[in-house]
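Dear colleague,

Please find below the structure that I am handing over to you. My notes on what was found in it follow directly after.

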Amino acid sequence: MSRKFKTIDGNEAAALTAFHTNEVIAIYPITPSSPMGELSDAWAVAEEPNIWGTSPLVVEMQSEGGAAGAVHGALQTGALTTTFTSSQGLLLMIPNMYKIAGELTATVFHVAARTVAAQALSIFGDHGDVMATRGTGFALLASCSVQEAHDFALIAQAATLESRVPFLHFFDGFRTSHEVQKIELLDTETMRSLLDEDLIFAHRARALSPDHPVLRGSAQNPDVFFQARESVNTIYNACPGIVQRAMDKFGRLTGRHYRLFDYAGAPDAERVIVIIGSGAETTRETVDFLRTRGERVGVLIPRLYRPFDADALVQALPKTARTIAVLDRTKEPGSAGEPLYLDVVSAISENESFGVPHFQSHPRVIGGRYGLSSKEFTPAMVKAVFDEMKGDKPKNHFTIGINDDVTHTSLVWDASFRTEAKGQFAAVFFGLGSDGTVGANKNSIKIIGEGTENFAQGYFVYDSKKAGSVTVSHLRFGPEPIRSAYLIDEAQFVGCHQFVFLERYDILKYAVEGATFLLNSPYDSENVWDRIPRVVQEQIIAKKVRFYVIDAYKVAQESGMGGRINAVMQTCFFAISGVLPHDEAIKRIKDAIQHTYGSKGDEVVKMNFEAVDRTLENLHEVRVPSQVTSAIEIPAVVPDYAPEFVRKVTGPMIAGLGDALPVSAMPPDGTYPLGTTKWEKRNIAQEIPVWDPDVCIACGKCAMVCPHGVIRIKVYDPKYLNDAPPTFKSFDAKDREWAGLKYTIQVAPEDCTGCSLCFDVCPAKNKSETRLKALNMRPVDPLREPERANWDFFLRIPELDRNQVHHSTVRQSQVLEPLFEFSGACAGCGETPYIKLVTQLFGDRALIANATGCSSIYGGNLPTTPYTVNADGRGPAWSNSLFEDNAEFGMGFRLTIDKHTEWARQLLRTLEPEVGSSLVAEILSAEQKDEADIFEQRERVQILKSKLQAITSDDARRLLSVADMLVKKSVWIIGGDGWAYDIGYGGLDHVLASGRNVNVLVLDTEVYSNTGGQMSKSTPRAAVAKFAAAGKTTRKKDLALLGTMYGNVYVARVAMGAKDEHTLRSFLEAESFDGPSMIVAYAQCIAHGIDMTKGMQNQKAAVASGHWPLFRYDPRRASAGENPLMLDSGRPKIPLADYLSMENRYKMLTKSHPASAKRLWKMAQDDVDQRWQFYQRLAEGETKPAVAPKSAPPVLQTSR
Amino acid sequence: MIDLSTTYMGRSLANPLVPSASPLSDETDDIRRMEDAGAAAVVLHSLFEEQLTKDRLELHHHLTQGTESYPEALTYFPELPQCHLGPEGYLEHIRAAKAAVRIPIIASLNGCTPGGWTSFAHQIQQAGADAIELNVYYLPTDLETPGSVVEQTCIDILTAVKSSVTIPVATKLSPYYSSMANMAHRLDMAGADALVLFNRFYQPDVDLEALEVVPHVLLSGPQALRLPLRWVAILHGRVNASLAATSGIHEASDVLKMLMAGADVTMLCATLMRNGIGHIRKILDDMRDWMETHEYESVRQMQGSMSCAHVENPAAFERVQYMKALQKIPSLD
């Protein structure tokens, strides 16, 4: 049998086995497991068969709960069924897991283990999710590496079929799921050999069938449930033996041998670490190294964690063990210890109490936590644990990898400790997401892994920004298998693909002495030296670094590659690293290009080839001077005048030094201050808009569409211009109400992403040169300094009194201060302008419940948050609960507000004698219908609070605690279509039906944007998405129309790019409606495959074609005898095909499935036509809503 | 019985009416309706090389945009199982049209690089097209490009295509050559099987409200007939290539004029867009009526009867006629 190797990541490794050994796959996307489902879907679309010759059916469900239900059903009816998930998704599956296990159903769930959200969400890896399933009855089988993820997926499949115990096969999220390794693939023959087909027939024979009907899933009473529960004991007792036999057979077939508990290390080890998952690889590497120094250490790696074979664990430990440290990658607050630790303690205790004592002397067992949320776990940390075990009184319940300066659990480690991997080559590359660095490095890994005898490993670190994100690639190659499941901190090769990074990151700290440093530089080899910071020069000289430069952007531009420098930098790497002979390297790069892009057309291949060919002539070594000459210092991350928290906590996180922050720096309940993006000057724009007052008509559209809140408008007294910087611009305000005031549009130059939406929407053209508008994109470099001064000056000008602003016109409303600024959303994001508008109109009294998704990431992912406060310190209070419960979460806000308002009003009446009748009457009777009313109410409440301070009664103190609720609050429930249409729809339905005064804003991108473009029920017919690779065949769900069916819900469907005044009016009406409201807002998205600089044109076309008809449904109109439905966009003006042709999500179908495209495009046009007719009938009809509207819904009447 | 048959690029056609390249030939059903209405052949809509290239680059851009940047969304689209990024759709259209009708199918190729033309032309022949019409829509705006280079490019393209196919190749060209007759002659010498006179450039317009340049497609009016009429008449009998007249041919009278000037076929577009595909039948009926009334037996009988070579006063097609025309302009006083 020939051995076949492939360089893939852990997700693909597991999915390959799962796909080929199952018949049905039901999934729901969640990071970091999503690629397993996506790959399976892609293979199914390509009709790749499983090992029995049929391609599995792959189905995307509406939630993980739904996926688990579908899996349960498919299993019960006899299909070999699997699913893939992580974290909260796994938690949603738990109810079904109990059922599946209780019914002794053979299945394997594959889990990329991920942190469960606690004080914060985290997408990264630990075992919190898996450990939460310990009680379900699933077997838990842990892989430590990419190879094992591939292998154990099969072993689990074999064992579940034989044992009938369902298996959860897991591996570490990101560290294994996303690590690229060269592995040996299992062939079909091996898979077939391991899976006994008679067991599969038995699985089918147990299935529900009307041809041999049974009942399963009964309800049992106290008389029998207990006995029935105990009836499975023999099954679970047999399971470990079955797994070991499957491992043994697997070993005979593949040569890769595994045991339930694998021990590695000294046979006479005194100190042993017990550890699960990828950390075991690092521990094993460290053990191997320490043994060469004569240390008696070892590592025990539990593979099968449930059913827990305590005896097998004890027997696998060396009898000589004196101290055993059990490392858990999870935290269970308040427990006696983490799960694995408790199990090991119990196993050893039981051995000594009830069995034949195994150990020469009673071993000490200590437990520790490591690696939460992908925290680095390095050989130095392993050594620190081993060192701790030497002591007489080693710390128990310790932590390793952090500095716990509060409860002092942490061990100290020597960061300079290294294991010595022979012949291993390490390289680190810093790039931007948009420059193709990661893609190039993934290619390089494959070239080396599959083109040489070397083993290869790649791991990629991304930041949480969607625009201008920084990537760091960690690549290792070597003749021996690579067990280093941690980041590289010493590299022979360091690549810096962005010149500006030299001033932001300590790039050369990674370089070993004599390393090679490759810099993408706009300066050539003769001139670059004096352009780099002093500290970089120092390191180059001190470490005797060989220094190469190339102007990769120039080469890429000349080759037609635009901003993607991947091929250029990859060629440089091979040219100067010497990893492969030069000619062979070039050939392999070109082969890889052909392989990757061949199907995308000759032009793409040719321009990549050209980039490769042009590279070498532009690559030059720098003659390094012996002296440091640079005066360029690395600037402070945040300025001295930033708030203390920002300086001490946020700043280090921005600088990439968050790992060094101690426990004491962290707010224990996950509460963070607002307004921190302003301190993170990212400077990612190449061009920024420049205002031309001579052309400007002061329409406000630029500020309204600006996704990043960087275009601001102020209207102010001319006196503030006295100290204006020389290039600060203004003109006389044009609006009559603002006569005598000045008007300025100012851009935040260091926060702008350069998306140019503002330029695109600007309607004012220069009359002498029509290509110019009132805002024009200009290179940022010469503008940065003057515009920074202008921006700082602009910020010092006071905001216009909100009562002087007509909120209902776009041109005036855009003078309102946004309390959402500089988010990390994609450049040109279609969602953020809507959120910004909410904060402009209602931000100082808004509470925002935000569903997990893009908006929770750019809204709440550390280090900084775009939500901010006004000069009074007021602003949106924001929180994210979960993905699935956001509507309910937001309704909870409302319940508190309603209750506390009612309570405050009651107390106010009680305290009337002390507070004064007139103030009480004014407060209680205030309608707060507009901004002026609310302002006055705030004044009254302020007076009230002052009075209450002087009153000593309990009621006064009680009222003081809730008095702010007497000022109207605005609850916003914000999320994407994945939440509103799919996973959260049940809750949304309930909240809308509740009649409570909440405002729901659905940011509808018609696809799961945050997890990478999976189909939602909002995805339109004919659009391509993951899980709809051949185009979605069903209609888009009409959520807005469904919203109108309640009758007492205000509903608006808006598209800012098509009709901004309509959007504004809808937001104002929705908020003013004293009941539930829902705004469904069209949001263009990078997942649409569009020109993001012109996204508002897509909105316009969506409306003009009838794809996105605008309407408002206002129940208040019915009381006036009017039809509550107002169709706000006209009859479709352009064929739907004109709109579809603007977006790759539709167009690519014409390239991949031309016949389907033709059919689906036609059907999509029919959808538009039919819906328009239907809407028209509804809008013209006289029928009043089923539920009569009311000024105040009944649920609120009790609060008055 | 009136004989309407003619010969175009060596092939006998039932009549001289050929719908020219337009969106009307997008659908196979419409091509069938053209045949039913009496069309003698059909020129399919153009395959644009630039469009294919643009589509490929766009697809690549959109499939890579935003990828490998953010850990939760390393890609935004599913892997394409296979891409039809070449002219597959067009080739399939040729095959479907050939299967649907018996009249000749002429494919139309619109490109700008010799490489693109030749590879596509070969595939078009393999798909079953009876002939190819090269649409040389080349609008040089570079101040440094002399007319000779433009002309030579056109010749080179024709030569390249001719060398890669065995089916007839027509060249549809613009009237904007310094020496139209010489250009026609050079194309003729390079092996053009037909000259299609003329390509209509879509001229841009200005939107005064939006202050934007907008593409404004104007369907040809009756006056558009004059330009091809002159050059068909001038070239008839002087080149080996067949002559196809296009632009401004709306009614039977227009067809008859063109035939008399020397056209082998006349091409219809604007009139079918306005009046529908069934208008072909009306033109044919009107032609027969006129020919009967005027006692013509066949199209061949009239073809070239009023060409430059066969009219009493050839100067009517030349510059001297221009002077006379000016002299006839009434005084503005």
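Two residues are taken to be in contact if their C-beta atoms, placed from the backbone, lie within 7 Å. On that basis, among the contacts of chain B between residues at least 6 apart in sequence, 71% join residues at least 24 apart. Please bear in mind throughout that this is a predicted model.

Confidence

For chain A the mean pLDDT is 95, and 98% of its residues reach 70 or more. One stretch calls for caution: over residues 1183–1200 of chain A, pLDDT stays under 50.

Chain B

The secondary structure of chain B comes to 12 helices and 12 strands. Its radius of gyration is 22 Å, close to the 20 Å that the globule rule gives for 333 residues, so chain B is as compact as a globular protein of that length. The C-alpha trace of chain B spans about 80 × 50 × 45 Å along its principal axes. Of the 333 residues in the chain, 46% count as buried.

Helix H8 of chain B, residues 252–261, is mostly covered, with 8 of its 10 residues buried. Those buried residues are B:Asp254, B:Val255, B:Leu256, B:Lys257, B:Met258, B:Leu259, B:Met260 and B:Ala261. What covers them includes strands S3 (17–19), S11 (242–246) and S12 (265–268) of chain B, together with helices H7 (226–235), H10 (279–293) and H11 (299–302) of chain B. After H8(B) comes B:Gly262, whose phi is positive, near 130 degrees.

The sheet in chain A

Chain A contains an open sheet of 7 strands with mixed pairing, in the order S3-S2-S4-S5-S7-S6-S12. Strand S3 (57–60) and strand S12 (304–306) of chain A stand at the edges; each has a single partner strand, so one side of each is left without a neighbour in the sheet. On average, and with direction ignored, neighbouring strands of this sheet are turned by 20 degrees against each other.

Within the sheet, strand S5 (residues 108–113) and strand S7 (residues 167–172) of chain A pair in the parallel sense over 6 bridges. A:Ala112 has A:Phe171 in S7(A) as its bridge partner. Helix H1 (residues 10–20) of chain A lies across strand S4 (81–85), S5 and S7 of chain A, and runs at about 175 degrees to S5(A).

A:Val130

A:Val130 lies in helix H5 (residues 128–131) of chain A. Is this residue buried or exposed? A residue counts as buried if 20 or more other C-beta atoms lie within 10 Å of its own; A:Val130 has 30 within that distance and is therefore buried. Leaving aside its neighbours within four places in sequence, A:Val130 is in contact with A:Val111, A:Ala113, A:Leu140, A:Leu168 and A:Phe170. By contrast, the C-alpha atoms of A:Val130 and A:Glu503, 373 residues apart along the chain, are separated by 41 Å.

The contact between the chains

The contact takes 39 residues from chain A and 28 residues from chain B. On the chain A side, helix H2 (34–45), helix H15 (437–451), helix H20 (602–618) and helix H40 (1144–1152) each supply at least two residues. By class, that side has 15 nonpolar, 16 polar and 8 charged residues.

With kind regards

Technical notes. Residues are numbered from 1 along each chain as its sequence is written. Chains are lettered from A and ligands numbered from 1 in the order in which they are written. This is a predicted model: local features need pLDDT of at least 70, side-chain atom pairs count only at pLDDT 80 or more; totals for chains, interfaces and linings use all residues. Helices (H or I, at least four residues) and strands (E, at least two) are DSSP runs, numbered from the N terminus. The radius of gyration is taken over C-alpha atoms; the globule rule is 2.2 Å times the number of residues to the power 0.38. A residue is buried if 20 or more other C-beta atoms lie within 10 Å of its own, exposed if 12 or fewer, and partly exposed in between; C-beta atoms are placed from the backbone. Ala, Val, Leu, Ile, Met, Phe, Trp, Tyr, Cys and Pro count as nonpolar, Asp, Glu, Lys and Arg as charged, and the others, Gly among them, as polar. Two strands pair if DSSP finds at least two bridges between them. Axes are lines fitted to C-alpha atoms, for helices over the stretch in contact, and angles run from 0 to 180 degrees between N-to-C directions. pLDDT is the predictor's confidence in each residue, from 0 to 100.
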